[in-house]
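Open the model in a viewer and keep the selection panel at hand. The stops below are meant to be followed in order.

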Protein chains: 2
Amino acid sequence: MRETLPLRPPPRPNDATMVWNGWGDPARRPGLDGRDERVLAELLGGPLPHTPSVRLEDVTLPEVTLPGPVLRRLAGIVGDGHVRTGRLARVAHATGRGYADLVRLRRGDATSAPDAVVLPADHREVQRVLEACAAHDVAVVPFGGGTSVVGGVNPQTRARPVISLDLARLEGLHHRDATSGTATFGAGTRGGDAELALAAQGLTLGHLPQSVEHATLGGFVASRSVGQASTGYGRIDDLVVAVRAATPQGTLEAGHVPSSAAGPDLLRALLGSEGTLGVITEVTVQVRPAPRTRAFAAWWVPDFASGQQALRTLAQQGLAPDVARLSDEPETRLALAQQSATARAYVRARSRRITGCLLIAGWDGQGWQVRGRRRAARQALGAVGARSLGAAPGRAWASHRFDTPYLRDDLLDRGVLVETLETAASWRELPDLYRAVREALTAALAERGTPPQVLTHVSHVYPTGASLYLTFLALAQRGAELAQWAHAKQAASQAILAAGGTITHHHGVGADHRPWYGHELGAVGALALRGLKDALDPTGICNPGILLPDP
Amino acid sequence: MRETLPLRPPPRPNDATMVWNGWGDPARRPGLDGRDERVLAELLGGPLPHTPSVRLEDVTLPEVTLPGPVLRRLAGIVGDGHVRTGRLARVAHATGRGYADLVRLRRGDATSAPDAVVLPADHREVQRVLEACAAHDVAVVPFGGGTSVVGGVNPQTRARPVISLDLARLEGLHHRDATSGTATFGAGTRGGDAELALAAQGLTLGHLPQSVEHATLGGFVASRSVGQASTGYGRIDDLVVAVRAATPQGTLEAGHVPSSAAGPDLLRALLGSEGTLGVITEVTVQVRPAPRTRAFAAWWVPDFASGQQALRTLAQQGLAPDVARLSDEPETRLALAQQSATARAYVRARSRRITGCLLIAGWDGQGWQVRGRRRAARQALGAVGARSLGAAPGRAWASHRFDTPYLRDDLLDRGVLVETLETAASWRELPDLYRAVREALTAALAERGTPPQVLTHVSHVYPTGASLYLTFLALAQRGAELAQWAHAKQAASQAILAAGGTITHHHGVGADHRPWYGHELGAVGALALRGLKDALDPTGICNPGILLPDP
């Protein structure tokens with residue numbers, strides 16, 4: 001049984017057809033219906049206003065400061081058609097797709113737009129573009145799928161000219177080593193396209209973040225991405241075998257052997273470097289035969305703590321499911337409210353109670369492996385009093401699992417603040433972290449008169465701990481959306497650090513987490529990172545203002 | 001069924017009881033008997049001479065250049081009894097335990113000895129020692145178990161005074177987080193002691209390098225160690241959760257959460273840093289319940305290639321055994337020659353042929369997991385024509401698996417050059433790598449009139465490739481042992497790089513692999529590593545001459 005990914009070629013942000021205020025193809029977008037609106041209005045305590053966005057032609061763009069001769073030198077490297085300075089290209093590369101990005105764009109604010117968008121064809125051209133930019137002191141912001149939700153692709157400063165380096169043309173399967181079980185892709189290859197190319201050969205990478213239709217393999221590596229099945233397949237850190245990168249100092253190749261003790265692993269320096277050390281141009285990943293068996297199951301667990309206990313037991317036995325998603329009570333209630341009456345009745349009948357938490361699990365593998373791990377899951381969950389809900393809720397989740405980001409346009413149209421954040425901690429610290437972040441978000445938004453709904457799930461489990469993924473919704477404060485968002489973000493971030501969590505489990509640092517990253521890194525860690533940066537990018541042209549804490 | 005590690009408290013190299021020309025307690029050493037000598041003499045083509053080593057009091061030590069006031073400042077930090085300048089302490093810290101080290105020591109050459117051995121009690125003292133050494137321009141060589149076989153603990157230069165920083169007092173289990181499944185040890189804790197402390201609580205780390213009785217957790221991390229079951233448990237990179245290190249710039253703590261996207265993972269910068277960035281003082285590792293089932297099995301495979309094919313199939317299915325050790329034909333023949341007549345008859349009877357290769361596999365886990373993976377192994381091995389030899393050869397290997405290093409003293413006593421080296425490559429490149437290294441070693445030693453026996457096994461398998469572990473034996477060239485060794489080492493290293501292998505899979509770079517490491521790292525990689533080094537150790541006092549390639 002193989003699941004088919006619901007993928008089709010999405011529009012590129014630099015296509016004229018793009019929907020610039022959200023992700024992807026409008027025809028593909030699941031919308032909010034009347035019932036959804038009523039549920040939301042009730043939860044958030046007020047009617048939902050209509051808040052339209054401006055038209056593309058009314059968006060404000062900054063002056064172009066890139067000198068003509070430099071533009072011509074860049075065109076000389078990549079070809080005339082591959083340097084774009086038009087309105088659509090600049091707006092499309094002004095931001096990623098975080099809530100604050102969308103708010104700004106909908107208001108018509110694209111002041112973070114680059115001077116130009118440059119689309120090199122291959123590693124050599126990327127290397128030459130970097131050299132030209134270093135020579136002329138032009139900042140370079142690498143752009144893959146443009147799905148950063150932490151400001152990672154937004155040019156941060158206009159202190160010097162800046163280009164967005166779009167890697168769309170570095171796409172495709174370059175090489176497949178069937179013996180070693182690896183595949184080498186251009187860094188601009190989208191995750192979904194990579195999966196389709198592999199599926200045609202009976203293979204899978206198994207890396208399925210919610211952004212998989214748009215985000216690129218280079219972006220996965222640069223931001224240390226996780227996918228929905230990363231509990232089983234491992235995060236991209238575990239899947240990437242080798243990387244080629246262009247840096248202002250020349251080409252860096254890391255990771256040619258499966259395992260080595262030859263000094264610190266420089267592949268790990270590129271993982272999470274977010275374009276600040278150079279531009280990843282080629283990524284080699286470990287691929288696997290597509291699983292023979294894929295199964296989903298759902299359980300109703302008595303509470304969030306007991307669900308965590310069961311997942312912890314499984315992870316520490318080495319028997320965690322590949323997908324492990326445990327919703328807390330508020331997220332479970334909302335998920336239930338969104339279901340049809342029939343589905344709700346089904347859940348109620350199977351669970352015989354209506355408080356509790358929903359756990360969705362998924363397994364890939366050979367039959368006996370899936371059976372063995374399902375048996376272990378039944379034991380661990382039975383021990384905490386969970387009840388099986390069968391396969392249907394898991395399958396329903398799987399069939400809609402890439403949809404949620406598409407709802408954001410509709411939510412913003414209706415004046416709803418919707419944002420997500422994610423963290424991780426050891427199992428011991430996880431309960432306190434959960435309470436602290438929920439309370440901080442709730443208090444911060446209540447202070448502003450917009451009490452939120454905070455929905456949380458455990459999204460990835462490890463032997464030593466787990467991640468928390470939080471979604472919060474509130475009525476947006478019209479005209480003060482960004483201040484409202486920043487207030488909530490600040491409260492949550494401080495709470496995370498105080499409770500021993502990481503400032504980001506998989507969204508990356510970008511610009512949004514940078515104020516707190518220095519604290520997590522520590523003073524000596526920051527020195528180390530700065531040493532690495534200065535060695536590879538001595539003039540600081542690579543994604544300035546991203547990642548690295550202020551000295 | 002739990003295996004008991006054959007561990008007992010071994011003498012420390014700085015104990016007065018130490019056997020300074022080899023490892024450990026003479027009573028514990030398995031010796032060579034008359035039959036072994038006859039087999040060796042026949043294989044190496046000549047009688048084995050007796051080549052005794054000098055006495056401790058005849059060893060040459062360098063002048064002490066550390067000024068008295070600095071020595072007193074160091075004693076002020078660690079206490080008078082913990083700064084040692086006596087002959088035994090200096091000789092014991094002059095080298096690790098590579099072949100070249102032993103040859104030099106046996107000749108009475110301890111010119112690499114430090115001026116003093118300093119034994120701090122805790123992280124704070126290590127930090128203060130580093131600050132004092134930075135202030136007085138004294139080099140610091142961290143010393144854990146002293147088991148480096150690549151010169152990693154040998155002071156490399158006498159351009160400035162140098163101390164050996166022995167971490168013996170930073171030992172013991174500091175903290176155990178039962179909920180998160182982690183344990184925090186002082187970096188000077190020996191691997192065997194850590195296993196014993198964990199076993200008392202029904203736990204295991206599962207990291208069993210051949211040096212486990214002596215080597216320390218800090219040393220494992222500093223040199224990116226692997227253990228004999230690392231195919232299943234993962235190399236130390238996969239087991240370490242957090243590290244505390246003292247650097248000349250202050251304390252660096254890395255890895256407080258199970259998983260993060262907050263920038264490049266600095267824990268990975270310390271892994272493999274070999275004391276060049278600072279001194280690891282505390283290590284937190286993931287621990288597991290001791291396995292309920294442990295099983296070993298052996299097979300007779302038709303040849304080295306078909307054994308690799310079976311292991312590759314298993315690794316790519318995610319079903320590799322935890323221990324996977326496939327000997328090539330020469331190693332198999334020697335292993336067989338060393339067995340008793342009964343064992344040989346048994347193997348012959350079970351295999352019904354006498355050419356082929358021995359494969360030993362081991363599994364840990366719950367019953368159904370071990371059964372499932374054994375079934376997969378039987379299938380993959382059956383498909384290449386392997387025959388089962390039952391559990392006995394695997395158990396025999398397991399019961400003697402920490403003994404081999406102890407044979408080296410006896411071999412050196414008999415004038416035998418014995419050295420090991422290890423590399424790894426992708427499955428595609430592995431066969432050529434194997435041929436190239438074997439041929440290079442054979443040719444290089446034949447050129448010198450001492451044709452070797454080269455014995456190889458695949459020691460660790462990964463989905464994308466595997467490691468090769470080579471042992472070579474030849475008659476030593478009396479008086480020219482080091483030139484003979486260097487000639488072989490150079491030939492092997494050049495062959496490894498040319499064939500796409502890594503210069504080291506688990507021994508580390510140290511001094512011995514440094515001439516080739518720069519080639520593997522590349523010019524830009526070397527810049528990155530140097531940037532990191534300069535940021536944390538700006539005056540270059542941390543293990544100078546180790547790891548970092550010349551600019």
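The tour goes from a sheet to the chain interface and then to a helix pair.

This is a predicted model, in which local features need pLDDT of at least 70 and side-chain atom pairs count only at pLDDT 80 or more, while totals for chains, interfaces and linings use all residues. Residues are numbered from 1 along each chain as its sequence is written, and chains are lettered from A and ligands numbered from 1 in the order in which they are written.

**Sheet in chain A.** Select the open sheet of 4 strands, ordered β1-β2-β4-β3, with mixed pairing. Helices (H or I, at least four residues) and strands (E, at least two) are DSSP runs, numbered from the N terminus; two strands pair if DSSP finds at least two bridges between them. β1 (83-84) and β3 (139-143) of chain A each have a single partner strand, so one side of each lacks a neighbour in the sheet. Next, show β2 (116-118) and β4 (162-166) of chain A, which run parallel over 3 bridges. There, A:Val117 has A:Ser164 of β4(A) as its bridge partner.

**Interface.** Now colour the 75 residues of chain A in contact with 75 residues of chain B (contact: C-beta atoms, placed from the backbone, within 7 Å). On the chain A side, α20(A) gives the largest share, 12 residues.

**Helix pair in chain B.** Finally, select α11 (304-316) and α14 (367-383) of chain B, whose axes come within 8 Å and cross at roughly 145° (axes: lines fitted to C-alpha atoms over the stretch in contact; angles: 0 to 180 degrees between N-to-C directions). Residues making this contact include B:Ala310 and B:Leu314 of α11(B) and B:Ala377 and B:Leu381 of α14(B).

Conventions:
Two residues are in contact if their C-beta atoms, placed from the backbone, lie within 7 Å.
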